Amino acid sequence: VPSSNIRNFCIIAHIDHGKSTLADKLLQMTGTVESREMKAQFLDNMDLERERGITIKLQAARMRFMYNNEAYCLNLIDTPGHVDFSYEVSRSLAACEGALLVVDASQGVEAQTLANVYLALENDLEIIPVLNKIDLPGAEPERVSREIEEVVGLDCSNAIYCSAKEGIGINEILSAIVQKIPPPQDTAERPLRALIFDSYYDAYRGVIVYFRVIDGTIRKGDRIMFMASKKDYYADEVGVLSPNQLQVDQLYAGEVGYLSASIRSVADARVGDTITHYSRKAEESLSGYKEATPMVFCGLFPVDADQFNELRDALEKLQLNDAALKVHIPFQEEFLSQKPQVPWDLALDVGFLVFFIWKFQERLEREYNLSLITTAPSVVYRVNCVNGDTVECSNPSLLPEPGSRRSIEEPFVKIEMLTPKDYIGALMELAQDRRGEFKEIKFITEIRASIIYELPLAEMVGDFFDQLKSRSKGYASMEYSFIGLPSLIVIWARNLNCFLIDTNLEYCTKGSELTLGAFVFSKLCIHIVSGDGRACIGSKVIASEAISAIRKDVLAKCYGGDITRKKKLLRKQAEGKKRMKAIGRVDVPQEAFMAVLKLE
Ligand code: GTP
């Protein structure tokens, strides 16, 4: 196919607005996959993702579409739907010339959609508005079109009305992709530059890299180099995604495909890196590459200490698979050597710190058959010492001696919440409670507002998102970005010279009293482990009977708001997948741990 007949596009949509359903229909209508193969939705085919209902893994699919008797090659590049992945989303968008903006016609524009639309506009993408779910009785495509025009400033006079479920409007969408989205430039003669938008680890072939050729040509057998990691390899296999991998001899500028080159770790070929030829290097790499900087951490422990080695192996494998995961093992030595200082017999005597994304725990438990406890996510603080040193610190055991500390800085984020006006008060209260500093409120339409706050990352990593959802009955959405480390925000009042636990553990903040922090949380774990069945926060005892009460509370509130999500959860529960953790003599559900953070 000449490059003039190629169209590269992605779908921007809020969770549950119908991205997967639409993607499936596009694949089906173009005959890319047979409908009998469609039982499992193709674009998010991992078990976990289906259950969660959230697309995590990015993938791509090539479709053939006849338009005016000409064959076109349409490449759909999937983007992840979760708020934690805006960098990955931006790289997927950078691999495209256009995007479908899919909005549920019975709902409206959400914060996350908006953030992704801005990313798409930054990447100069042609955006085609699509109003989905017009089959629903509550659908108001005209109102939602107006909202898109007002909020995004996008002309919606030609917006396509569709029902991905009923298959209405699918052909119009395919035609619009051909008509409106520009073809890629024909730069096949230039030195190779291909943009990596996804990769995963395959136990047999090594890392499989998904890329878009921006300039030049890549052939099977080529010696290639990744410009950021500076690693070089021979491309054993080059192919297209149809959507299953199909080998080809070469790929030209404008095309989308995959390669394997016996690459050992995803860190060698990270999303956003540029592939070039070893002998004919491109002068400049593609812009937009960012190093991974984990900001949020959590402790991870096997319930059964005998599983320590299995956990380490699993983490090592997972790390090969996912560049976002950073595992720090230095603690092991420390844990073991300091064990005698701990006054009771610990079931949790070894642990890891991992970059916290909730998905990892589930994957580890499912794929590696481990039973795990995670501590609440905490963030990295920067400690400035009297002698001028700075220490990055995510755990109290890393904290320098009290006398040697000058100040402690904590990372902040800027959040934007989009909400119907009825919930403005509830959400401002939430942000205020979490040490948020009010910045701005705007009405984007008569009935919807955007509220901007700055708050500590530590306050956001717990249940902030769940709270936002439940306090707005599921209608609000949010986006966040890091704004750095303002200094002198955190002051630990007392001696924090502890190893994981400290009886005087307190976590104080400027201008407010005690906050439940991650450190207090780890203490709770330990108390439960102590075996007398009492859970304590400081001197406050939460009796063992209270644990079941907490659990009920979790089911009612934890995933509050979002009805579909809740149903999914209940279904999961019905399947008997309650994850009870037997620690010492007390059975504690993982949810109870998380619930502690939610206690007012
Ligand atoms: P994530 O994978 O969580 O990001 O969601 P998604 O945006 O991919 O949404 P998905 O395609 O899974 O659809 C969400 C829900 O909306 C599903 O229950 C679909 O069956 C339903 N749905 C999708 N399109 C339509 C539609 O056109 N009409 C109706 N009535 N329901 C739809």
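I take buried to mean under 20% relative accessible area. By that cut-off Tyr453, at 0% relative accessibility, counts as buried. The model I am reading is a predicted one.

**Entry: aromatic pairs**

I searched the whole structure and got 5 aromatic pairs. I looked up Phe197 and Tyr210 first. Their ring centres are 6.3 Å apart and the planes meet at 65 degrees, so I log the pair as edge-to-face. Phe197 has a relative accessible area of 0% and is buried. Tyr210 is buried too, at 4%.

Next I took Phe438 and Tyr453. Here the centres lie 5.5 Å apart with the planes at 75 degrees, so this pair is also edge-to-face. Phe438 belongs to strand β26 (residues 437-443), Tyr453 to strand β27 (residues 448-456), and they are 15 residues apart. Phe438 is partly exposed at 36%, whereas Tyr453 is buried at 0%.

I also noted one aromatic cluster made of Phe65, Tyr67 and Tyr72.

**Entry: strands β26 and β27 again**

Glu454 forms a salt bridge with Lys439, with the closest N and O atoms 3.9 Å apart. Glu454 sits in β27 and Lys439 in β26, so the bridge ties together parts 15 residues apart in sequence. Glu454 is partly exposed at 21%, and Lys439 is partly exposed at 41%.

**Entry: Tyr278 and its charges**

Which charged end sits over the ring of Tyr278, 3.7 Å from its centre? I found Arg223 there. Lys281 lies over the face of Tyr278 as well, at 4.7 Å from the ring centre. Arg223 has a salt bridge with Asp232, whose closest N and O atoms are 2.8 Å apart. Arg223 is partly exposed at 31%; Asp232 is partly exposed at 29%.

**Entry: salt bridges**

I count 13 salt bridges in the structure. One joins Arg448 to Glu147, the closest N and O atoms being 3.3 Å apart. Arg448 is in strand β27 and Glu147 in helix α5 (residues 141-152), 301 residues apart.

**Entry: helix α12**

In α12 (residues 464-471) I marked Phe464, Gln467, Leu468 and Lys469 as buried. Just after the helix, Lys473 has a positive phi of about 55 degrees.

Conventions
Residues are numbered from 1 along each chain as its sequence is written. This is a predicted model: local features need pLDDT of at least 70, side-chain atom pairs count only at pLDDT 80 or more; totals for chains, interfaces and linings use all residues. Side-chain values use heavy atoms; hydrogens and water are left out. Buried means under 20% relative accessible area, exposed over 50%, partly exposed in between (1.4 Å probe, protein chains only). Helices (H or I, at least four residues) and strands (E, at least two) are DSSP runs, numbered from the N terminus. Rings of Phe, Tyr and Trp (its six-membered ring) pair if their centres lie within 6.5 Å; planes under 30 degrees apart count as stacked, over 60 as edge-to-face and the rest as tilted. A charge sits over a ring if NZ of Lys or CZ of Arg is within 6 Å of the ring centre and within 35 degrees of the ring normal. A salt bridge is a side-chain nitrogen of Lys or Arg within 4 Å of a carboxyl oxygen of Asp or Glu.
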